[in-house]
Amino acid sequence: MEKKRKVRRKSFAARQDLLDGMNKVAKQGELSLYKFLNEVFELTLKANEQGVNLSSLMDSRELLKAAMEGGFTLGLESLWYEMAEIAYTNAKRMTLNSWFDAGVWLAKRYVTGETADPFEAFKKDLKDFTWNVPELDVNKKSDTVSVRIVSPRFTEAYTFLFLSFLEGALEAFGYKIDSQEVSRGIIRLKAVRDQH
């Protein structure tokens, strides 16, 4: 008969509010606080062994949740570019208008929302949600916004569609494009506050 292994227990100090919260979560899962905390410790150690930082894991989860709530969807990047290429080739004006309207719609979510600084919130989410863009710089100074995007994977069609999206978003924030340089995978533009 196999002997039952003795498990040593050790007490530790934690803030009371954290223990109360953990106890509440444990009860919801119909677990004792002891069993629940041991599961948390085991998961933390397993994540650490796999090189996963729990804080960055939670940040990633929040990012995906925000993207989902914002109307974004995940898809194969190559398929996305191919579909954009087909649409752009077969209905260029309509496709550019659709992307422009999408930029307007997204920016208006920030303008009409309850964010302290709608433009900064838009800028942050744009950078977070476009993880296929290795270089994306958006700078706002006074009445001027400059944008620089470099992505070697963009097709020519996708570059112009993304430009149209940005133009729509900037217009919704009250800016007009002043100058732009665009070539496959590269967008540089400057927009100024529309005084009308």
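Guide: Glu135 stands opposite Val150 in E2, and this pair belongs to the seven bridges that join E1 to E2, two strands that run antiparallel. Two strands are said to pair if DSSP finds at least two bridges between them, while the elements themselves are DSSP runs, helices (H or I) of at least four residues and strands (E) of at least two, numbered from the N terminus. This is a predicted model, in which local features need pLDDT of at least 70 and side-chain atom pairs count only at pLDDT 80 or more, whereas totals for chains, interfaces and linings use all residues. Residues are numbered from 1 along each chain as its sequence is written, and side-chain values use heavy atoms, with hydrogens and water left out.

H6 packs on the sheet, touching E1 and E2, and its direction makes about 175 degrees with that of E1. H7 packs on the sheet too, touching E2, E3 and E4, with a direction at about 165 degrees to that of E3. Contact here means heavy atoms within 4.5 Å, and axes are lines fitted to C-alpha atoms, for helices over the stretch in contact, with angles from 0 to 180 degrees between N-to-C directions.

The sheet itself is open and has four strands in the order E1-E2-E4-E3, with antiparallel pairing. Strand E1 (135-141) and E3 stand at the edges, each with a single partner strand, so one side of each is left without a neighbour in the sheet. Strand E2 (residues 144-150) is joined to strand E4 (residues 186-193) by seven antiparallel bridges, and Ile149 stands opposite Ile187 in E4. Strand E3 (residues 175-183) pairs with E4 over eight bridges, again in the antiparallel sense, and the bridge partner of Tyr175 is Arg193 in E4. E3 and E4 form a hairpin with two residues between them, and Gly185 in the turn has a positive phi of about 80 degrees.

Turning to the helices, the axes of H6 (residues 118-129) and H7 (residues 156-172) come within 12 Å and cross at roughly 160 degrees. H6 and H7 are therefore roughly antiparallel to each other, since angles under 35 degrees count as roughly parallel, over 145 as roughly antiparallel, 65 to 115 as roughly perpendicular and the rest as oblique. Phe119, Phe122 and Leu126 in H6 meet residues of H7 including Phe162, Phe165 and Leu166.

Leu161 has its place in helix H7. At 0% relative accessibility, Leu161 counts as buried, a word that means under 20% relative accessible area, with exposed over 50% and partly exposed in between (1.4 Å probe, protein chains only). Leaving aside its neighbours within four places in sequence, Leu161 is in contact with Ala84, Tyr88, Thr95, Leu96 and Trp99.
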